[in-house]
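Colleague: I am new to this structure and would like to go through it with you step by step. Could you take my questions one at a time?

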Amino acid sequence: MENSSEIVSFVLAAYGNVGDFKYLYFIIILFWYVSICVANIVLIVVIHVDRRLHEPMYILLSNLCVNEINASTSLYPLLLSQMFSDSHEVTLPWCFLQMCCLYTSAPAEFWSLAAMAYDRYISICHPLRYNVIMNTERVLKIILLVWVFSFLIFILSFSFIFSLQFCGNTVDNVYCEHQLIIRLSCSVSVQSSISIIIFVIMSIFIPFSLISVSYVKILTVCRKTSTENKQKAMTTCTPQIVSVSNLFVGCIFHSINFRLLISQVPDEVNIILPMYMLICQPMLTPFMYGFNLPKIRQSCKRFLKRLF
């Protein structure tokens with residue numbers, strides 16, 4: 001941090017026009033954040049308590065819910081704390097910590113979905129070998145590998161930001177977004193462009209390709225099976241297809257500057273759409289994957305009967 005000692009904090013300029021709506025925004029954001037945490041925690045607890053759900057698919061789902069809480073916590077508490085701030089400043093360490101959490105959760109999300117796609121591929125295409133290939137010990141190793149690899153992707157792609165010298169401190173957003181932070185550096189090098197390309201390839205392109213290959217093979221096998229088996233396959237695979245599609249849309253929203261495409265776009269739209277993944281995905285996961293599956297619905301009913 002020696003090179004950036006003159007800049008000790010960033011100003012999140014997008015909060016400037018909150019005005020009298022700050023109380024309404026605070027209530028909405030708090031409600032949504034609490035709802036995300038409750039929905040994902042309930043699913044994690046149900047999977048942990050019910051031994052009948054101690055299967056690879058549900059263990060991987062539980063890990064995905066943990067990541068949704070991690071991603072949400074990296075964003076929403078800052079939004080809530082800044083809502084009543086007059087300066088809207090965030091110190092460099094906190095800004096870098098937020099980026100670390102955000103850009104670790106992104107590859108963790110895609111690689112977790114890739115692991116779940118592989119699990120479904122083995123279950124549907126190689127059912128007789130499923131218990132040998134996807135045992136609990138191996139699943140836990142996969143989860144550990146996902147988190148270690150995701151953190152390494154972040155370090156490899158964005159660790160150079162920590163030593164940048166900054167010539168400005170105004171971030172035109174409501175959170176610390178890496179591209180905007182890089183633009184504030186005194187000299188933008190080729191390294192920044194390369195780092196973004198590496199991050200996209202390692203955290204999005206490769207796992208998305210593996211997910212696509214898995215589902216192409218699953219669909220190929222399903223075409224040759226009975227109608228009942230096709231329905232079972234679609235019941236377990238549809239949520240992931242919807243989730244991956246939603247993430248793909250979120251990536252498009254995150255990478256596009258809507259002011260350049262459409263004139264007179266409200267500032268709120270240009271701020272909210274890049275956060276689409278952090279708004280919709282954490283709530284989509286527990287409902288599409290968890291409460292939508294019959295086995296988990298039954299387990300939730302049993303769990304609620306015990307409590308009440």
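Colleague: In which helix is I296 found?

Modeller: This is a predicted model, and in it I296 belongs to a helix that covers residues 294-307. That helix is α13.

Colleague: Is I296 buried or exposed?

Modeller: Beyond the residues up to four places away in sequence, I296 touches L43, L53, Y58, L61, Y289, G290 and F291. The relative accessibility of I296 is 0%, and a residue under 20% counts as buried, so I296 is classed as buried.

Colleague: What separation do the C-alpha atoms of I296 and L53 have?

Modeller: Along the chain I296 and L53 stand 243 residues apart, yet L53 is among the residues that I296 touches. The separation of their C-alpha atoms is 7.8 Å.

Colleague: In what order do the strands of the open sheet lie?

Modeller: The sheet has three strands with mixed pairing, and its edge strands, each pairing on one side only, are β2 (89-91) and β3 (170-171). Strand β1 (residues 9-12) runs parallel to β3 and is joined to it by two bridges, with V11 standing opposite T170. The order is β2-β1-β3.

Colleague: What angle does the direction of helix α4 make with that of β2?

Modeller: Helix α4 (residues 92-125) packs on the sheet, where it touches both β1 and β2. Its direction and that of β2 make an angle of about 80°.

Colleague: Is F10 buried or exposed?

Modeller: F10 lies in strand β1, and its contacts beyond four places in sequence include H88, V90, F166, V171 and I181. The C-alpha atoms of F10 and S87, which are 77 residues apart along the chain, are separated by 9.9 Å. Because its relative accessibility is 0%, F10 counts as buried.

Terms used. Residues are numbered from 1 along each chain as its sequence is written. This is a predicted model: local features need pLDDT of at least 70, side-chain atom pairs count only at pLDDT 80 or more; totals for chains, interfaces and linings use all residues. Side-chain values use heavy atoms; hydrogens and water are left out. Two strands pair if DSSP finds at least two bridges between them. Helices (H or I, at least four residues) and strands (E, at least two) are DSSP runs, numbered from the N terminus. Contact means heavy atoms within 4.5 Å. Axes are lines fitted to C-alpha atoms, for helices over the stretch in contact, and angles run from 0 to 180 degrees between N-to-C directions. Buried means under 20% relative accessible area, exposed over 50%, partly exposed in between (1.4 Å probe, protein chains only).
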